[in-house]
Each structure stands twice: as C-alpha cells, then as structure tokens.
Amino acid sequence: MARIQADWRRERPDLDVGPQGVIGRLHRLADRLGAELRLVYDRYGLGEGEFDVLCALRRAGEPFERAPGELAAHTMVTTGAMTKRIDRLERSGLVTRRRSGDDQRGRIVALTPAGRDLVDRAFTDHMRNERRLLDLVTPEEAAALETLLATWLHRLED
C-alpha cells in the first residue's frame, strides 16, 4: 500500500492519497479475513449466507425459528436472497418451512435437529477461528480497534 501511495504521490501530487492508506488496508484486510472465515464455512459445506441464516435461527432460542422476513432483516439481505438461502438449506435438511399459525399466507423457517447440530459445531469452530485472527493484535489494540470501527460505522450509517 505504501508503494502504491508513493506512486500516486509522484504521478498526482495534486491529490491527497492519504485516505488510500486506511481504506486500502481495510479493503485488503476484509478480503483476507473473509478468506480465513470461509475456511470454516467450507469445512461444514456452507456458504457465508447459509451460515448466517443458521446462526440467526440458532440465536432465536427455542424453538429456533423465525419468519423469512425476520431472517432477512437479521442477516441484512433482501427477501429474494433469503428465499434462495432457505431453499438450499431446506434441500440439505438443515431447516424446514411451514405455514404460520397466525397467518396461513405467512411462513416460518425452523432449524431441524441436524441443522442445530451443524450450526453448533460450525459456530464453535467459527469462534475459535475469529479468536485466532483477533489474537494477532493485543487485547488493548483489539478494544481500541473495536471502538474506532464502531464509531466510524455509526457515523457512516447516520
């Protein structure tokens, strides 16, 4: 990144390329972290989206079910994308769909016992993996980074 910035400073001294140092490194870090996280998802035959759906259902607590719209909101995807994810998980026997008792037009998605077992194992490995990645910085650095990123994200989303 420093080399790229130096090249741009030479070629475009009229521009402030300082932001590239932060944004570029964050982008590279996000790519690397994503690849490291996918290692666990792949081990369980899941994509990131399917993992997110299973986790959203597991976090719901007994009886481990939510409406598709709730799942979309909890995983920040469109309802169309959610339908595709649910379809794949249902074909794999990890979730079931049924009509809502309150509204026969509505649907409820629930973890199957196999889905609960899989997400419990996958999430345990996922947390170990995230700990491994975060242990590359000190606890103080991690705390400062979390605060800084939360502040930045809050301001960006406002």
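I kept in mind throughout that the model is predicted.

**Entry 1: helix α2**

I began with α2, which covers residues 18-43. How far apart are its end C-alpha atoms? I found 39 Å, and since 26 residues at 1.5 Å a residue should span 38 Å, the two values agree. Next I looked up which α2 residues are buried, and noted G21, G24, G34, L37, V40 and Y41. The cover over these buried residues includes α1 (2-11), α3 (48-59) and α6 (113-134). Just past the end of α2 I came across G45, with a positive phi of about 70°.

**Entry 2: helix α3**

I then turned to α3, one of the elements that cover the buried residues of α2. With 12 residues, α3 reaches 16 Å from first to last C-alpha, close to the expected 16 Å. My list of its buried residues reads G49, E50, F51, V53, L54, C55, A56 and L57.

**Entry 3: the loop between α3 and β1**

I went on through the loop that holds both P63 and F64. What kind of peptide bond joins E62 and P63? I noted a cis bond, with omega at about 5°. At F64, phi is positive, near 60°, although the residue is not glycine. Is F64 buried or exposed? Its relative accessibility is 7%, under the 20% cut-off, so F64 counts as buried.

**Entry 4: M76, for comparison**

M76 sits in the loop between α4 (68-75) and α5 (79-91). Its relative accessible area is 74%, over the 50% cut-off, so M76 is exposed.

**Entry 5: the sheet**

I traced the three strands next. They form an open sheet in the order β1-β3-β2, with antiparallel pairing. β1 (65-66) and β2 (95-99) are the edge strands, each pairing on one side only. Between β2 and β3 (residues 107-111) I noted five bridges. In this pair R98 stands opposite I108, and R99 has R107 as its bridge partner. β1 joins β3 over two bridges, and here R66 faces V109. How many of the five residues of β3 are buried? I noted four, so β3 is mostly covered.

**Entry 6: the largest pocket**

Last, I looked for open space. Rolling a probe the size of a water molecule over the atoms shows where empty space is left. The largest pocket holds about 970 Å³. I listed 26 lining residues, with L29, L33, L134, L145 and L149 lying nearest the centre. The elements that give two or more residues to this lining are α2, α6 and α7 (139-157). Which element gives the largest share? That is α2, with 10 residues, which brings me back to the helix I started from. By type, the lining divides into 18 nonpolar residues, one polar and seven charged.

Definitions and conventions:
Residues numbered from 1 in each chain as written. Predicted model: local features only at pLDDT ≥ 70, side-chain atom pairs only at ≥ 80, totals over all residues. Heavy atoms only, no water. Expected span 1.5 Å × (residues − 1). Buried < 20%, exposed > 50% of the residue type's maximum accessible area, 1.4 Å probe, protein only. Contact = heavy atoms within 4.5 Å. 1 Å grid on protein atoms, 1.4 Å probe; cavity = no way out; pocket = protein on both sides within 12 Å on 5 of 7 lines; lining within 4 Å. Points joined across faces, edges and corners; volume = space filled by probe spheres on them. Nonpolar A, V, L, I, M, F, W, Y, C, P; charged D, E, K, R; others polar. Pairing = 2+ DSSP bridges.
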